[in-house]
Amino acid sequence: MNTESFLLEQKEDKKMAMWFFIAAEVVIFASLFGVYLTLRSHTDGGPSPKEMLELKGVMVSTVLLLSSSFTIYIASHAAEGKQAGKTAALLALTLVLAGLFLFMEGREFLHYYEKGYEMQNSSFLSAFYLLVGTHGAHVAAGCIWMALLLLHLKMKGPAKQMQSKLAVFSLYWHFVDLVWVLIFTLVYLYGKVG
């Protein structure tokens with residue numbers, strides 16, 4: 001077996017492993033969505049989703065996160081073309097977009113906390129913070145992963161292994177973005193009209 005076919009096989013194995021990881025994550029997030037949708041009306045005298053949730057900032061953060069999905073897609077293709085500079089720039093842009101998303105989510109949580117909407121106040125608030133916070137933790141993990149990919153790219157250049165690493169990360173990142181689309185729809189949009 002030559003090196004080229006070995007690396008291709010290794011890339012496919014890593015992608016398959018990521019699909020298994022994503023399948024496990026689907027179960028976790030499905031459970032969190034189920035809990036949230038069950039408890040969203042259990043406000044215990046606190047704010048309802050309609051009263052609490054503010055869409056303006058969340059819409060901006062949604063655009064940021066979904067834009068990062070596009071930039072990681074382009075970065076993956078740049079890596080396949082062995083364009084180290086373009087790959088690094090797009091990966092860095094993806095990291096910045098994700099960082100801005102996390103900053104905005106942190107501001108949103110702080111705003112709610114300042115209004116007295118704390119996790120322990122109601123079942124709804126607990127389920128909200130748990131679901132949205134778990135997603136935020138996945139975004140933060142993705143930021144760390146991206147920083148490590150950038151470091152790897154700087155140290156080793158656009159090697160075949162980098163293509164594989166970026167392809168696997170790209171699967172993870174698109175999953176994280178998809179979960180956010182569901183959160184935005186089921187928590188924020190449905191919360192404002194439901």
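## Two rings, one turn apart

F124 and F128 are separated by about one helical turn, because they sit four residues apart in helix α5. This is a predicted model, and here it places the two rings as a tilted aromatic pair, with 6.2 Å from centre to centre and 40 degrees between the planes. Both partners are hidden from solvent: F124 counts as buried because its relative accessibility is 0%, and F128 is buried too, with a relative accessible area of 0%.

F169 counts as buried at 0% relative accessibility, and Y172 is buried with a relative accessible area of 5%. As background, an α-helix has 3.6 residues a turn, so residues three or four places apart point the same way.

How many aromatic pairs does a search of the whole structure find? The search gives 16. Ring pairs also link a cluster made of Y36, F101, F109, Y112, Y117, F124, F128, Y129, W180 and Y188. Two of the cluster's members, F101 and Y112, are among the buried residues of helix α4.

## How confident is the model?

The mean pLDDT of the chain is 92, and 93% of the residues reach 70 or more. Where in the chain is confidence lowest, and where is it highest? The lowest mean, 86, belongs to helix α1 (residues 3-39), while the highest, 96, belongs to helix α4 (residues 84-114).

## Helices and annotated spans

An unreviewed UniProt entry places the feature "transmembrane region" at residues 16-37, 57-75, 87-104, 124-151 and 171-191. In the model, residues 16-37 are 100% helix and 0% strand, with their end C-alpha atoms 31 Å apart. Residues 124-151 are likewise 100% helix and 0% strand, and their end C-alpha atoms lie 41 Å apart.

Helix α4 has 31 residues and reaches 44 Å from its first C-alpha to its last, close to the 45 Å expected at 1.5 Å a residue. Its buried residues include T87, L90, L91, T94, E105 and E108. After α4 comes G116, whose phi is positive, near 90 degrees. Helix α3 (residues 55-80) has 26 residues and reaches 38 Å between its first and last C-alpha atoms, close to the 38 Å expected at 1.5 Å a residue. α3 is followed by K82, which also has a positive phi, near 55 degrees.

Is D177 buried or exposed? D177 lies in helix α6 (residues 160-193), and it counts as buried because its relative accessibility is 3%, where the cut-off is under 20%. D177 touches L65, L66, S68 and S69, leaving aside residues up to four places away in sequence. D177 and L65 are 112 residues apart in sequence, yet 6.6 Å apart in space, C-alpha to C-alpha.

H152 has its place in helix α5 (residues 123-156). At 17% relative accessibility, H152 counts as buried. Which residues does H152 touch, not counting those up to four places away in sequence? They are G157, M162 and K165.

Key:
Residues are numbered from 1 along each chain as its sequence is written. This is a predicted model: local features need pLDDT of at least 70, side-chain atom pairs count only at pLDDT 80 or more; totals for chains, interfaces and linings use all residues. Side-chain values use heavy atoms; hydrogens and water are left out. pLDDT is the predictor's confidence in each residue, from 0 to 100. UniProt positions are given in the numbering used here, feature names are shortened, and annotations may be inferred rather than shown by experiment. The expected span of a helix is 1.5 Å times one less than its number of residues. Buried means under 20% relative accessible area, exposed over 50%, partly exposed in between (1.4 Å probe, protein chains only). Contact means heavy atoms within 4.5 Å. Rings of Phe, Tyr and Trp (its six-membered ring) pair if their centres lie within 6.5 Å; planes under 30 degrees apart count as stacked, over 60 as edge-to-face and the rest as tilted.
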